Each structure stands twice: as structure tokens, then as C-alpha cells.
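Hi,

Here is the structure I promised to pass on to you.

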Amino acid sequence: MQWETVIGLEIHVQLQTKSKIFSGASTAYGAAPNTQACEVSIALPGVLPVMNTEAARLAVKFGLAIGAEINQRSVFARKNYFYPDLPKGYQISQFEIPIVGKGEVEIEMDGKRRKIGVTRAHLEEDAGKSLHENFDKETGIDLNRAGTPLLEIVSEPDMRSAEEAVAYLRKIHSIVRYLGISDGNMQEGSFRCDANVSVRPVGQSEFGTRAELKNINSFRFVEKAIRIEVDRQIDLLEDGGEVVQETRLYDSDKNETRSMRSKEEAHDYRYFPDPDLPPMILDDAFIADVKQSLPELPHERKERFIDSFSLGVQESDQLTQDKALADFFEEVNTTSAAGPRIACNWILGELSASLNNEDLEITQSKISAPQMATLLDRIHDKTISGKLAKEVFAAMWQGEGDADSVIEKRGLKQITDSGEIEAIVDQVLADASDQVQQYKDGNQKVIGFFVGQIMKISQGKANPQQVNEILRKKLD
Amino acid sequence: MSITSDQITHIARLARLKTDPEKSEYYAAQLTRIMNLVEQMNQIDIGDTEPMSHPQDAGLRLRADAVTAEDQREDFQSIAPNAKDGLYLVPKVIE
């Protein structure tokens, strides 16, 4: 039987505020345990939550960016469950009326564009962290993270493959980074994803029973976890079994998903409006103000790159997905006279390869944008050839200094003095009378041999264009 | 609408309330009466009045995004049942 995969994602984005959503405790990452856990974070009796304006602003910013309905009246609700990293016994979230309603984003798969629906995005508080490893009979609780503002972005079940799910996840990641509403760091848990996965026979309109995959903390794992879960469900159904609706944990070491039975009963959350928090009303001026602060978004920037720099669709897409990379490109392009074409080639070529090799982000690049611009200028003003520029790039990457000092130190400056080049050409031709004869007999291919010899003698420094001109002049 | 004693056991467990099994019929009868009262209110025609989510007709007060809380870990942990290395300790929780 042919099966169709149906995927919906729930993405938790930590909003970049200084203080927590309902208290004045700091949200900075990496502090000593519980030093940023105030009386509200640890839920001492009698404390009251007070809403952070900035969290609302950032949520609205996201909503406007994806063209979603904004609910100017939204309601906070209690989601009740018991777990030690949630000391109140409930999480403050939004249920019936979230701050952001229906919207959509566009993804591109193999050159085809598809719209993925966003059902809603609601504000809520993060829980603390449980540390199981360090103690024998106890679990350690760190409540620094408790109360950090989260925006939970819920998609429609619109994705039909693991690749599409990853494309959508990357799109949302790119949007939140562009908007500056989150640092989007998956390792530190500020961008987390749960996937609802089901399969159904091709052609069937109702959905199959779904499993919810938790704990997927990288783009690569999202794809792997969904693939392995889809295989599991298909095997199960083809063997005459049934998929059970449950929460499953993805284990990246074993590349398998397994049932989390402990959380099953907890799914009865008994939501109700939080009596401590009246409805949040945002007036038109608030929304208009946020609208004004919207930056250029990834798809807009991509179109601009295509239009103003004559770059291709694919390369513009690659450049603009990560805001920091697009910023790097624009900085190089405005600093250097070499033009956008060569800047794009070098950034997506040598630079991206070096970053990938060492698993670095563009923000950790060992060559800064101004340094890159100078290197490209030296190609542009013919100080070095494109080929030698790769050597200079590698040296810069290894920390040997900027382009000019590497060129100077290694003596890589291109020879453009035609007298000097002519002397080398004469020497090569004198030493290769056989090949000269072959050329005269009509074998054009030996020209490559001459160029090779000239480059060898000049250590690659002779300007290739001049070499060609002088050669032809001498031979013809 | 009538609440069964099984439902009493279930919601008591969800709320981590210890109930006397012998009294579950009694609770069930009481809660049924409350639910019937709600049911009765549901019959009232209120036209197109928007449901309220809060008894007061007030909007949420918003505060500026500023760190105002100080580190009081030592004080808080001095009254905690168990704490070590800055962490609050609870009986082992296994996923």
C-alpha cells in the first residue's frame, strides 16, 4: 500500500526579553542554578504575576510578520499538571484566545513554493529544568528558566514529508532571527520543536492516529526522528497493528522513538482562565507601533538580492535564510569594489565550506566581512589571481593576517609587468622547440602546456590574461 | 448531568487530592448538584453577550521589561525541604 505522511509542528520560541514574562527576574542564560529564580518563579504562596509588555510586543511582531490575525484581546489560562520543574502546579499559557491567530508562511521545496498554515501562536511561560544525573535518589531542580517567555507556534497538519517539516522549521527559525525576537539557539533550548506525525493510505481524506514526538533539538534530528517514526507507523499498520495516540521521545543515540507512558494521564490539562490575569487588551496604537518596527523579512530580502544584485533564486535563498549571513554579504558588498557576483561566489563557496568544515556559524567566522572585502578587492584590482586568492583565503583563515599582509609575506603579488612576463614567455618558448613546432603544425592544444610552464616559473603569479596575449603574439 | 464516583477518583487524582473512597458517592452527588446549577444557568437566554473570562471588567496591567528581582537563593533555600549545590532537591523523577 502507498502511504502518505502528515506532519504538524509545535515550535517553542524563547522570546528575547531581559526579564521573565510575569516577574522581574533575569532571563540571561547560564547563570548559577536558582540565582534568577525569584518568588514568582519558585511560586511562593501569595505572589502575583505581572505581564511583561515586551513579550506581548515580540509576539505581535511575529504575528504581523506572517500576516496573521492579531487578537487585541487575548486571555491567559492555566494548564494544570504536576511536575517538579513547574512549582505552581500549572503553567500560565493561552488557550481559547491566543495573541496570534491564523497566518501562513511560504516554503520552497525543489523550486516549488508551498504555503504552510500557522494555526495560532500563543504566549506562555517556560518551565524549570530537572537534573537527573547528579544525585542518587533525588532530582535537582533549577528554576532559572521557569517563567522565561515562550511563543508557541502551532502549524496546521500541512506538511507531507520530513524534508518539508525541516523546510518549514528553518523558515520559522529564519523569521524569528530576522525579527530579532529570539536568539533561536537550539542547543541552549531557545528554539524547540515537537512534531505530530501520522500516516494514512494515499487518497484517504481523514487523518491517521498521530504520535507526538518530543525532545528534538536540531534540524537534522527533526528530519531523522520523523523518518524513523513514519517507518515505525507504516510497519505497524502493515502488520495489522494500530497506532496509539501518545507522546514519544526521540533518542538520537539509538535513532529510535519510544513511548513516554508517564506523561499520558497528564494530557488532561483542565484549562481555565487564570483568575490572576484579566484579559490582555492591546490598543491600535500598540499594534501600529509594532508594525512600524518590522524589519525587512527573509523573503523580501531574497527578492531584493535577485533584483538589485542580479543573483540567482537559489543563491539568494542560501544567502538570506540566515540573517547574519545576509548581513555579512551586504557588508562585504558595500565595502568592496569587486561587485555582488564575486562576493556571492566567495561567500557561498570558500567561506561557507570553511565554516561547514569546522561546524561554525557565520558569526564565528575567522575572516571578518571587511577582511573578506579587501581580499576580493585584491582580485578585482588584479593584485592576485583568483587561484592564488584561494591560498590567501586559507592563510587568512589560519590567522596569518589580512589579505595585504599575506600577499606581501608570501610574495604572491601578481606579475603584471609585461616586460617581465615577456621574458618568462621567451624562456619557455626557447626551451620547448618541439611544442612550438607542434603549435605551428596546427595543434592548438599545446597552448595549455605553455601556460602551465609559464605559471610554474612565475609560481602562479603571472597575470593569466597577459600571458595569453603575449603568447599568441609571439607564436602567431 | 450526573457525575460518577469513577470521575471523582479520576479528577481527584489529576488534582493530587487524597479522597476517602467511601465518600466518593457523596462527593459525586454534591458535584452533580453543582453541575446541574451550571446547566440551569446555561438555559438562560443572554442574547449575544460576549462571555467574560474574568469577573472584573478590567484589562491586564503591563509592566516594562526590566530586571528588578535580586538573587535571594540563600533565603529561599533555607526554607526549602531539601537543597544542594544551589538546586532544590525532590524525590527522584524518572522519565
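Below is what I found, starting with the interface.

This is a predicted model, in which local features need pLDDT of at least 70, side-chain atom pairs count only at pLDDT 80 or more, and totals for chains, interfaces and linings use all residues. Residues are numbered from 1 along each chain as its sequence is written, chains are lettered from A and ligands numbered from 1 in the order written, and side-chain values use heavy atoms, leaving out hydrogens and water.

Chain B and chain A bury about 4,000 Å² between them, and carbon and sulfur atoms give 58% of that (the accessible area, with a 1.4 Å probe, that two parts lose on being put together, summed over both). Between these chains the count of salt bridges is zero (a side-chain nitrogen of Lys or Arg within 4 Å of a carboxyl oxygen of Asp or Glu). On the chain B side that touches chain A, α1 (5–14), β1, α3 (73–78) and β3 (87–91) each supply at least two residues. The most comes from β3(B), with five residues. Helices (H or I, at least four residues) and strands (E, at least two) are DSSP runs, numbered from the N terminus.

Now to single residues. A:Ala121 sits in strand β7 (residues 112–125) of chain A and counts as buried because its relative accessibility is 0%. B:Ile44, in the loop between α2 and β1 (62–63) of chain B, counts as exposed at 51%. Buried means under 20% relative accessible area, exposed over 50%, and partly exposed in between (1.4 Å probe, protein chains only).

Best wishes
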